[in-house]
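Thanks for making time this morning.

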Amino acid sequence: MTKIDPEIRIPDPIELDRLEEERLRTAAGLLPVHAEGGEYAGFDTVGIPDRPPQTEREREVYTLEEGEMLVNMGPQHPSTHGVMRLVVKVRGEIVVDVDPVLGYLHRGIEKLCENATYTTVLTYVDPMDYLSTMHNEHAPAIAFEKLYGIKAPPRAEYIRALVVELNRVFSHGLMMGFLALDIGGLTPILYSFINRDEVVDMLSAISGQRMLFNFFRVGGVNFDTNDEFLSRLGTWRSHVLDNLDMNERMITQNEIFRGRTVNMGRLSGADAISLGVTGPNLRASGVAFDVRKAHPYSIYHELEFDVITQEGGDSYARYIQRIAEIKQSIHLIDQIIDRMPHGPVQAQVPGIIRPKPGRAYGAVESPRGLYSVYAISDGGPNPYRFRMRDPSFISLQAIPKLMPGRLVADTMAVMASFDPVMGGVDK
Amino acid sequence: MDWELFLGIARFLLATTLLLLLTVPTAFIIIQMEMKIIAQLALRYGPNRIGPRGIFQSTIHGFKVLAKEDTIPDQADRSTFTLAPWMVYMAAAMSMLVIPFAPGAIAADFNIGIVYFFAVLGLSVVGLLVAGWASYNKYSLLGGLRAAAQMVSYEIPLTLSIVGAVVLAGTLSFSELIAWQLDHGWLLVWQPIGLGIFYIASLAEINRTPFDMVEADSELVAGPFTEYSGMRFGFFFFAEYVALFIMSGILVSLFFGGWLAPWPFPAQLDGFAGTLYGIFWFFLKTYIFVAIAVWLRGTLPRVRVDQLMGVAWKVLLPLALVNLFVTAIAVVAFDL
Amino acid sequence: MAFPGIGIAKGMAVTFRNFFTPKVTRQYPEERPPIPDRWRGRLDLIYNPFGEHKCEVCFQCAQVCPVEAIDMSGFDSQGNRIRYGMPEIYDERRDPNAYRRAGLAARPMRNPARWDEEIDPPFVDEVVDGFDGRPEALVAIFRAVQDRYGYLPERALRRISDRMSIHWAQVFGAAGLGGFRLLPATGHVVTVCDCASCRFAGGDRVLRAVQELLGIRAGETTPDGRVTLETRPDVGAGSISPAIRVDTLVYGPVDEAKALHIVGERLAADGAATPAGARS
């Protein structure tokens with residue numbers, strides 16, 4: 001019979017794991033996981049990485065002073081416009097510092113495009129900034145046409161401009177809704193979606209899809225307009241301004257909304273330029289830079305429009321700027337419909353194009369700013385390098401500059417006024 | 001054996017049981033109203049599959065909440081975590097004792113009913129604070145502190161706004177106040193500023209939009225209720241909607257005549273029919289105000305925490321004091 | 001800041017008005033959305049205006065699909081049929097279907113006992129090459145293989161499928177026709193024709209007589225393993241109904257007495273060489 005020694009205690013497997021982990025961490029030079037001692041130990045150190053800071057900025061953010069706390073507005077959050085993590089250092093209710101942690105939606109699109117033919121690339125870029133799909137495709141189309149040395153026929157260019165402006169209308173409309181939602185109003189977002197639904201039905205009549213349109217091709221567009229598209233366009237055009245007005249009336253003069261956005265997140269023009277912020281965010285700070293006027297592409301040199309700016313650069317100005325741009329886009333759509341020529345909608349290109357070796361750059365004005373593509377071709381069927389510059393990524397860098405000194409509740413409101421879309425940020 | 005005492009105790013027990021039983025269908029009905037009204041404001045239908053036109057949706061939600069898993073965070077303080085929903089719910093339920101439903105249909109007709117009501121309703125603050133602290137979660141902590149600050153600072157304008165009405169009527173009991181309104185007309189014409197302050201303060205006190213920073217789900221997920229699931233969360237949820245009903249009921253009693261019918265109808269009837277008549281008018285008026293609160297929720301964005309406090313201390317409190325002084329002077333001067 | 005203000009009142013007026021406006025929700029299962037003509041969400045191949053499939057079977061989609069969900073077959077420029085896709089993926093569905101086409105009960109082909117059957121690969125290759133790998137010669141190839149092995153082993157069929165680049169399911173389905181055996185025969189095989197004309201002519205009486213003689217039912221083998229009895233619908237050729245087949249010889253028209261005589265004779269002459277031709 002075996003003798004059981006009551007003195008020997010078999011350790012708990014969880015305890016063994018913990019000891020093993022401590023041993024390994026000490027060997028690797030990392031800080032221990034369970035810091036004992038202190039009243040609030042373990043509570044405040046959650047969120048600080050357990051290795052020494054690797055950059056100056058990291059040291060600045062993750063060093064806690066007396067009374068400060070790190071709050072994680074985590075990747076799973078009802079209103080971070082996608083998956084984004086904001087590490088907010090707060091003292092009570094006041095924000096001291098903000099560190100956005102990005103990359104949760106990274107899909108490796110730039111690398112994927114290196115193994116895809118040029119036409120396939122145009123399908124890969126659709127889900128980048130998924131609320132402005134047409135702009136995502138427009139920039140690579142411009143770059144590839146420059147590489148291949150062809151021009152799209154005029155009717156194709158007009159159709160491109162038409163769908164691009166339609167996309168801008170509903171993207172800005174959605175921004176209105178999201179801003180109101182983040183501030184607390186539940187209904188304007190639904191009104192924005194009513195508008196978006198109509199536009200998306202229209203675009204599905206012309207391209208066959210409701211969200212990731214895959215409409216552009218190197219050398220033109222895929223389909224010509226058809227009767228269903230034009231009839232839906234007419235119906236929509238007749239009541240879009242009323243819908244917009246209904247939505248605006250709920251928000252624009254609402255005292256609570258104004259109290260949350262006026263004088264919040266004030267970004268000066270000089271700061272915006274130095275940070276690289278573009279698009280409506282820049283124009284709301286007073287700088288009159290619009291890619292459609294500064295570096296005209298497509299048919300914008302034939303259309304009449306002005307560059308709208310606002311003064312102030314606060315969240316309210318960004319909101320008003322987008323409403324003004326919606327009206328401007330509708331005006332542009334009217335001009336395009338008046339002037340559209342007849343003709344083919346796609347130039348004759350082979351199925352797999354092999355441009356000569358070279359580099360090309362294509363930039364468009366997307367609803368979030370300057371969206372551009374830099375493509376390098378090595379003569380083969382796939383691009384050698386396909387680099388996208390996304391405006392939301394740059395706009396997010398303005399947040400840590402604007403937030404210190406404000407309240408936690410303002411973080412979301414200011415961020416929503418910049419209208420980032422995480423698909424574009426993370427590519 | 002003292003039959004009166006015995007009967008009194010039996011009546012009290014019956015009344016409290018009925019009230020507790022009343023809270024659940026009330027919460028269900030108000031939740032259903034809220035879902036449908038907010039949906040209709042936003043040009044959509046709301047739930048319309050369960051039951052004819054969706055009227056059983058709320059009941060199914062109730063069953064769903066019962067069926068959920070009951071999780072307690074590992075490092076949370078178990079006893080206080082469990083106690084917090086009870087505190088909030090009991091505060092709401094106890095304050096229902098003095099609501100004047102109909103002549104003779106008040107559970108406990110204290111002669112200091114108003115004081116009792118506001119005192120007991122303030123206990124829900126403790127529950128929220130405890131919930132925020134016991135969850136071992138920074139979000140909950142922030143939410144709980146916000147809730148405490150908000151509710152405590154709005155209690156002062158809330159109670160001060162009705163002191164004018166009390167001074168006018170000369171009584172702290174609900175039934176006598178309504179009797180005064182029977183003779184002198186509804187208090188809303190006598191105390192319009194008091195009404196305004198009371199309405200805003202009551203919305204803030206029960207954490208309804210536009211003052212629902214506590215549960216601002218765009219920012220702090222669910223504030224102090226983040227770690228609660230299943231029936232514990234159900235308690236908080238019910239308590240909020242029951243508190244909405246209670247506040248609307250008190251508003252109606254204080255300023256809109258309680259169980260009295262408006263002008264073309266006879267104000268009050270006698271006997272058992274009078275009780276039913278009073279209950280009908282009371283519920284009708286209360287639900288109108290509940291619907292207005294729901295309408296506000298669907299329309300307005302949220303006020304920020306510091307702006308909330310600013311309004312309470314810098315606007316509502318001085319206004320309430322001014323209202324009180326003017327009323328007091330008027331009572332003395334015109335011998336009302 | 002003053003809260004009750006015009007802005008709030010305007011907003012509330014908007015929502016109040018919308019409370020009474022017709023709602024925009026589409027009640028989905030009852031009302032379907034109108035699908036535009038160009039809708040690309042449908043899972044079907046598109047026809048060109050001449051009525052032909054636009055798909056050119058270029059295999060690009062199958063090659064690039066990251067989850068290998070696409071399987072296709074077509075003809076290349078030489079006229080050879082080529083296919084893309086792993087048959088093994090679809091085995092669970094294909095094999096029972098092939099069995100059903102062959103008229104047998106559906107069951108998975110993956111009988112582990114059959115995977116180790118030895119065949120002579122060079123022989124099979126020789127047979128296929130002898131016919132130049134033409135798909136029309138499939139039946140002749142089967143006959144040659146069956147003559148060699150007495151039935152068509154699964155491995156041989158797979159080799160034929162690979163070598164001729166014909167879909168496995170098509171090969172297996174073809175093997176089910178034309179009187180080929182997929183299972184090894186035990187002893188002699190007596191097949192009574194089951195087709196319509198043979199039945200009308202009295203084939204069921206023949207079947208009953210043979211069953212009585214052998215003591216087994218159709219589909220079974222005698223306990224000593226000498227005779228297997230089965231019914232097939234493709235033994236006779238119409239004018240010789242009712243017909244029976246013993247091993248590879250077809251006899252018809254027969255009546256009960258003749259059938260019993262034939263079967264008895266075959267059992268007696270066990271192992272003897274098969275005579276050529278049929279008696280009429």
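Residues are numbered from 1 along each chain as its sequence is written, and chains are lettered from A, with ligands numbered from 1, in the order in which they are written.

The model scores ipTM 0.85 and pTM 0.73. As for pLDDT, which is the predictor's confidence in each residue, from 0 to 100, chain A averages 87, and 92% of the residues score at least 70. Within chain A, helix α1 (residues 13-28) has the lowest confidence, at a mean of 78, and helix α13 (residues 315-339) the highest, at 94; helices here are DSSP runs of H or I with at least four residues, strands are runs of E with at least two, and both are numbered from the N terminus. Over residues 37-44 of chain A, however, the pLDDT is below 50.

For chain C the mean pLDDT is 75, and 76% of its residues reach 70 or more. Two stretches of chain C with pLDDT below 50 are residues 88-92 and residues 272-280. Where pLDDT is low, the predicted coordinates should not be read in detail.

Turning to the interfaces, two residues are in contact if their C-beta atoms, placed from the backbone, lie within 7 Å. By that criterion, 25 residues of chain A are in contact with 24 residues of chain B, and the elements of chain A that give two or more residues to this side are β1 (69-73), α6 (154-183), α7 (188-207), α9 (255-261) and α16 (408-418). The contact between chain C and chain A takes 15 residues from chain C and 17 residues from chain A.

Finally, how is helix α9 of chain B placed, and what covers its buried residues? Counting a residue as buried if 20 or more other C-beta atoms, placed from the backbone, lie within 10 Å of its own, 11 of the 14 residues of α9(B) are buried, so this helix is largely enclosed by the rest of the structure. Among the buried residues are F198(B), Y199(B) and E205(B), and the cover includes α6 (138-169), α8 (187-190), α10 (230-255), α11 (271-299) and α12 (305-334) of chain B. After α9(B) comes N207(B), whose phi is positive, near 55 degrees.

Methods:
This is a predicted model: local features need pLDDT of at least 70, side-chain atom pairs count only at pLDDT 80 or more; totals for chains, interfaces and linings use all residues. A residue is buried if 20 or more other C-beta atoms lie within 10 Å of its own, exposed if 12 or fewer, and partly exposed in between; C-beta atoms are placed from the backbone.
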